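Here are some notes for a first look at this structure. Please read them with the model open beside the text.

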Amino acid sequence: EITYGDWSSDVCSSDLGLMVLYGCLATAAFLVALRTGGWRRVLAAVAAGWMAACFATLLYLPWLVPLGLVLGAVALAESIGVVQDQGVRSAARVLLPTVILVAAVGGAGAALFLAAHRDALQAISASVYPGHRVSLGGESRLSQLLTAPLGVLATGRRTVEVAGLNQSEAASGLMFGLPVVLAGGAFGGFRVRTPVARALTAVSIALVVLGCWAVLPVPAAVGRLLLLTSVPGKRLAMPLAVGGALAAGLYAHRARTEPGFRPAGWRAAIAAGAFAGITAYAAHGFTVDGDRVGPVIAIGAAMVVGALAGCVLRGRVLLGLGGACVLLAVSSVTVNPLQRGLDPITGSPLLAQIDAVRATDRTGRWVSTPGDEPAFAILAASGAPVASGTSWYADSARWRRLDPDPRHEPIWNRFAYVYVFVEDRSTPARLRIGRTEDVVEVHIGSCDPALQRVGIRYVIATGPQGAPCLTELRAPARPGERYVYEVVPNRG
């Protein structure tokens, strides 16, 4: 059976890919606009603005902000280079029209999106989580930032959690920015005054800033200057990996084309060895569904990434970056369930049970018992109205019908994975935050009228239920099926 973690990883990886795609295309189009003239500049600036709007409207700030800092640093470095190369007056004739056109197109696209989704965005902004969340520096662990070489351990499992992250996020990339910074030479780009050198310096500075925010107790007042208080440290794995890939490519290019820049063998060996050592140390905290990694595997993975980093630093692109691509493909290509087909959903015996009930009732809401991840996923994918699952933003009217006490609004007014516990008791509905701030647990008696007020009519369970107001509709007759109950009004 497929798990909910598989499907959440698929959504997560789709967002990851789109953010990187739109962000990189916007940056590339902006660079083209600065280097060309006439209609080509106009077309490139329009494309940059439109792609920037697509990037911004993906909305997930924990990825948008750091990725924007990395790519924005590249754009800023090139803009500074135009001033260095052409002088202030000539550069102004290039930069001002380009920036204005990019901002106008991007602003118009974002404004159209905001107008179309105003109510939902206002609800998210007013929520406790993520709207009012404030993150602090140092919230991440090395085991969360250096997971890619160990992600291969998750490819053969129905994994829900890797080092506390989504599976696809954990396998998103290698932190090649670390050996690039350690090898030296990455921060002198504005003295060399070549586009590649400037871009390498800009990306390296951005990586240092993000790395410090991830693992050091940076004060919130400092992070607020760069909007980093909206970025939990553990969400920096992907932005740091993207920045590291850019830094590695730029560093390898300079090492190949500038003989004087290539680091001596001993410098490359020290940087690569330090990267391997830190990766091996981080493996002590790496888990796949709670299982820790053995020392042999950890050391082997560290040696592999260290060797790849050494090749990159010496300008051996095919071995270094090519080997990294192979490693990442192995650790991430099998993550998404769509690559394994839809049979776990379309052929699910549980889906057949749900469809049989829905043939006579298309409006009743469903819940599945917490802890049954396959049922959680199949119910979400079935198209049935659900009360358990992912709540992207709070439906305040429905929550107030369930619990009208205004003191409990901070519990439900958030993005949340909602777990509904239908219990054999007559106490009113009780809400509480689960083990993480994005989990809301609803504990409610089967005879509580609140179930009818919010439209919950069907309950999926792994075992027989003795609650007085649940009537059995279906019992499992083959593997993959569940007990299906109907909620009936209390006649007692």
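Which residues make the nonpolar surface patch of about 510 Å²?

1. The model is a predicted one. In this model the patch is formed by Phe187, Ile205, Val208, Val209, Leu225 and Leu226. Helix H10, which covers residues 195-215, gives the most to the patch, with three residues.

2. Leucine 226, one of the patch residues, sits in the loop that runs between helix H11 (220-225) and helix H12 (237-257). Its relative accessibility is 37%, so leucine 226 counts as partly exposed, a class that lies between the cut-offs of 20% and 50%.

3. On the chain as a whole: the secondary structure comes to 21 helices and ten strands. The chain has 492 residues, and 49% of them are buried.

4. Glutamate 472 is a second residue to look at. It is found in strand S9, residues 470-474. Glutamate 472 has a relative accessible area of 44% and is therefore partly exposed.

5. What does glutamate 472 touch, not counting residues up to four places away in sequence? The residues are Tyr483, Val484 and Tyr485. For tyrosine 485, the C-alpha to C-alpha distance from glutamate 472 is 4.4 Å, while the two are 13 residues apart in sequence.

Technical notes: Residues are numbered from 1 along each chain as its sequence is written. This is a predicted model: local features need pLDDT of at least 70, side-chain atom pairs count only at pLDDT 80 or more; totals for chains, interfaces and linings use all residues. Side-chain values use heavy atoms; hydrogens and water are left out. Patches are made of residues with over 30% relative accessible area and no salt bridge: like charges are joined within 9 Å, nonpolar side chains (Val, Leu, Ile, Met, Phe, Trp, Tyr) within 5 Å. Accessible areas come from the Shrake-Rupley method with a 1.4 Å probe; for residues, only the protein chains shown count as cover. A salt bridge is a side-chain nitrogen of Lys or Arg within 4 Å of a carboxyl oxygen of Asp or Glu. Helices (H or I, at least four residues) and strands (E, at least two) are DSSP runs, numbered from the N terminus. Buried means under 20% relative accessible area, exposed over 50%, partly exposed in between (1.4 Å probe, protein chains only). Contact means heavy atoms within 4.5 Å.
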